[in-house]
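Please keep the sequence and the 3D view open while you read.

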Amino acid sequence: MRAPFSDPPLDAFLLDPLFFILGIYIAITLFVLGRGVFCGWLCPFGALQELSNKAVVLLRVPQFRVPRAVQEKLWAVKYLAAVAILGVGLYSIDMANQLEEIEPFKTAINVYFLRELPFVLYAVALLAAGLFIERFYCRFLCPLGGALAVAGRVPMFQWLKRRPQCGAQCRICEADCPVGAIDPSGHINMNECLQCLDCQVDYYDANKCPPLIARKKRKEARAQEGLSLQPQLAAVKADV
Ligand code: SF4
Ligand code: SF4
């Protein structure tokens with residue numbers, strides 16, 4: 001935030017071109033599609049959590065589903081962390097850097113866990129929590145995720161499809177959403193959605209989504225009806 005006003009402007013970003021290009025890409029996708037493009041598809045620590053969680057799920061390690069009321073309270077932590085870092089950063093970049101250690105990226109991704117023990121233990125503890133609660137860190141603690149959620153609050157395109165039956169009559173997608181971003185009314189909370197697309201797989205699954213199953217059954221019944229009427233039609237034609 002302070003970079004455009006520094007002298008020379010944007011110098012800090014241009015020293016790291018890849019980061020700069022990535023930043024522009026994230027800014028654009030954030031306003032077009034929301035936070036999930038980065039959090040769900042680009043964040044390396046997110047990928048690490050997801051991979052480790054998938055590995056233990058394959059080993060049948062039981063998963064813990066955070067009760068909705070608790071989850072909604074815990075969501076606030078990441079916003080508070082983002083506000084704290086941004087607020088402190090306006091006063092002192094050094095202090096903000098220290099506060100930023102709430103993010104385990106440096107430990108896990110930049111220096112491959114080769115750091116002082118407390119940092120390593122912290123990053124490992126977050127990954128361990130993610131083994132039982134998918135994307136634990138992204139959902140409840142990540143200040144970057146919180147900041148992106150606020151910045152991309154109203155994405156230009158709402159491309160995740162919902163049906164009128166969602167929530168009212170069917171809660172399959174809600175149960176399948178790995179981060180609890182679908183509320184009991186069937187509405188997707190885009191601040192929390194990581195755009196994993198699991199709910200879209202359900203939405204288009206003709207063997208899982210009840211309205212599609214009903215539609216398929218109606219079609220089959222009509223086809224069956226047509227078949228059963230064929231002998232009578234043939235008889236009528238013969239008479240004529
Ligand atoms: S399975 Fe189909 S009807 Fe059920 S919540 Fe998902 S999209 Fe809606
Ligand atoms: S299941 Fe749907 S609502 Fe949940 S995170 Fe994935 S895309 Fe978002």
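How are α5 and α10 oriented to each other, roughly parallel or roughly perpendicular? Because angles of 65 to 115 degrees count as roughly perpendicular, while those under 35 degrees count as roughly parallel, those over 145 as roughly antiparallel and the rest as oblique, α5 and α10 are roughly perpendicular to each other.

This is a predicted model, in which local features need a pLDDT of at least 70 and side-chain atom pairs count only at pLDDT 80 or more, whereas totals for chains, interfaces and linings use all residues. Residues are numbered from 1 along each chain as its sequence is written, and chains are lettered from A and ligands numbered from 1 in the order in which they are written.

**The chain as a whole**

The secondary structure of the chain comes to 13 helices and zero strands, where helices (H or I, at least four residues) and strands (E, at least two) are DSSP runs numbered from the N terminus. The radius of gyration, taken over C-alpha atoms, is 25 Å, well over the 18 Å that the globule rule gives for 240 residues, so the chain is more spread out than a compact globule; that rule is 2.2 Å times the number of residues to the power 0.38. Along its principal axes, the C-alpha trace spans about 95 × 40 × 30 Å. Buried residues make up 25% of the 240 residues, and a residue is called buried if 20 or more other C-beta atoms, placed from the backbone, lie within 10 Å of its own, exposed if 12 or fewer do, and partly exposed in between.

**Helices α5 and α10**

The axes of helix α5 (residues 68-91) and helix α10 (residues 143-151) come within 7 Å and cross at roughly 90 degrees; such axes are lines fitted to C-alpha atoms over the stretch in contact, with angles running from 0 to 180 degrees between N-to-C directions. From α5, the contact is made by Lys-78, Tyr-79, Ala-81, Ala-82 and Ile-85, and from α10 by Pro-143, Gly-145, Gly-146 and Ala-147, where contact requires C-beta atoms, placed from the backbone, to lie within 7 Å. In α10, the residues Pro-143, Leu-144, Gly-145, Gly-146, Leu-148 and Ala-149 are buried, and their cover includes α2 (17-33), α3 (36-41), α5 and α9 (136-140).

Leu-58 has its place in helix α4 (residues 44-58) and counts as exposed, with 8 C-beta neighbours inside 10 Å. Leu-99, which lies in helix α6 (residues 93-99), is partly exposed, with 18 other C-beta atoms within 10 Å. Not counting residues up to four places away in sequence, Leu-99 touches Ala-84, Ile-85 and Val-88.

**The two ligands**

Key: Two residues are in contact if their C-beta atoms, placed from the backbone, lie within 7 Å.
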